[in-house]
Amino acid sequence: MYGHVECLAKRIKKGIETVDGVEGVLYRAPETLSEDVLVKMQAAPKDDSIPEISSPSDLADADGFLFGFPTRFGCMAAQMKALFDSTGLLWKEQKLVGKPAGFFVSTGSQGGGQETSAWAAITQLAHHGMLFVPIGYTFGAGMFEMDSILGGSPYGAGVFAGDGSREATEAELALAEYQGKYMAGVVKKLVHG
């Protein structure tokens with residue numbers, strides 16, 4: 001809505017690209033809200049260089065995933081849920097089985113569901129037989145920083161968006177970049193030995 005997930009995604013991609021032999025590609029879930037509603041909500045313009053996923057079948061070509069989404073009442077936003085809901089044929093044909101996946105999120109407040117949104121989204125991975133790859137506390141001391149507001153959790157990177165005007169901090173962006181590098185390492189080990 002306000003570009004926070006996109007901002008994290010770009011830093012995640014930067015982290016992915018630090019691992020030799022692994023490529024990060026950004027896609028956007030198809031928008032479910034009308035243009036009129038987006039204007040009324042004062043949604044930020046979308047980066048045209050990031051294409052929407054044209055078909056759920058596009059997911060079958062990837063070796064791994066980091067799904068990012070804003071939260072709505074402790075769950076993924078409807079746009080991401082609609083994307084997962086459209087993957088029935090992939091589920092039937094077992095096209096995503098064994099593929100590693102993780103999450104990163106944006107919430108409006110500190111109690112807005114950074115962990116519960118990821119936790120609820122794990123069901124999507126489980127039904128596809130995908131491997132959930134959390135970052136745990138592998139980021140180190142940065143995960144325990146208490147001097148400033150910091151999004152993210154052992155489930156993945158995160159940002160607190162507030163009313164949409166708060167920008168991601170460098171600490172939140174560093175965690176996102178780390179998650180990209182971490183996941184790229186996992187994908188490389190699983191897929192490329």
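Which residues does Thr138 touch, not counting residues up to four places away in sequence? In the predicted model, Thr138 touches Tyr178 and Tyr182 once neighbours up to four places away in sequence are set aside. With Tyr178 there is also a polar contact, made between the two side chains at 2.7 Å. Thr138 itself is placed in the loop between strand 4 (131-132) and strand 5. The C-alpha atom of Thr138 is separated by 30 Å from that of Ala78, a residue 60 positions away along the chain.

The overall architecture was examined next. The chain contains 6 helices and 5 strands, and from the N terminus on these elements follow the order α-α-β-β-α-α-β-α-β-β-α. The radius of gyration is 16 Å, close to the 16 Å given by the globule rule for 193 residues, so the chain is as compact as a globular protein of that length. Along the principal axes, the C-alpha atoms fill a box of roughly 45 × 40 × 30 Å. Of the 193 residues, 41% are buried. Among contacts with a separation of 6 or more, 72% join residues 24 or more positions apart. The chain exposes about 10200 Å², of which carbon and sulfur atoms supply 56%.

An unreviewed UniProt entry lists residues 1-183 as "domain: Flavodoxin-like". In the model, this span is 33% helix and 13% strand, and its end C-alpha atoms lie 25 Å apart.

Helix 6 comprises 23 residues, 170-192. From its first C-alpha to its last, helix 6 reaches 32 Å, close to the 33 Å expected at 1.5 Å a residue. The buried residues of helix 6 are Glu172, Leu173, Leu175, Ala176, Glu177, Gln179, Gly180, Met183, Ala184, Val186 and Val187. An α-helix has 3.6 residues a turn, so residues three or four places apart point the same way. Within the buried set, Leu173, Ala176 and Gly180 are among the residues listed. The cover over the buried residues of helix 6 includes helix 1 (4-16), strand 1 (65-72), strand 3 (100-107) and strand 5 (158-160). Just after helix 6, Gly193 adopts a positive phi of about 75 degrees.

Two further threonines were considered, Thr71 in strand 1 and Thr107 in strand 3. Thr71 has a relative accessibility of 9% and counts as buried because this value falls under the 20% limit. Its side chain reaches the backbone oxygen of Gly112 at 3.3 Å. Beyond neighbours within four places in sequence, Thr71 is in contact with Val105, Ser106, Thr107, Gly112, Gly113 and Ser117.

Thr107 is likewise buried, with a relative accessible area of 2%. The side chain of Thr107 makes a polar contact with the side chain of Gln114 at 3.0 Å. Not counting residues up to four places away in sequence, Thr107 touches Thr71, Gly112, Gly113, Gln114, Val159, Phe160, Ala161 and Gly162.

Technical notes. Residues numbered from 1 in each chain as written. Predicted model: local features only at pLDDT ≥ 70, side-chain atom pairs only at ≥ 80, totals over all residues. Heavy atoms only, no water. Helix = DSSP H or I, 4+ residues; strand = E, 2+ residues; numbered from the N terminus. Expected span 1.5 Å × (residues − 1). Buried < 20%, exposed > 50% of the residue type's maximum accessible area, 1.4 Å probe, protein only. Contact = heavy atoms within 4.5 Å. Polar contact = N/O pair within 3.5 Å; in protein donor to acceptor, adjacent residues only side chain to side chain. UniProt positions renumbered as here; feature names shortened; annotations may be inferred. Rg over C-alpha atoms; globule rule 2.2 N^0.38 Å. Areas by Shrake-Rupley, 256 points an atom, 1.4 Å probe, with all protein chains shown as cover.
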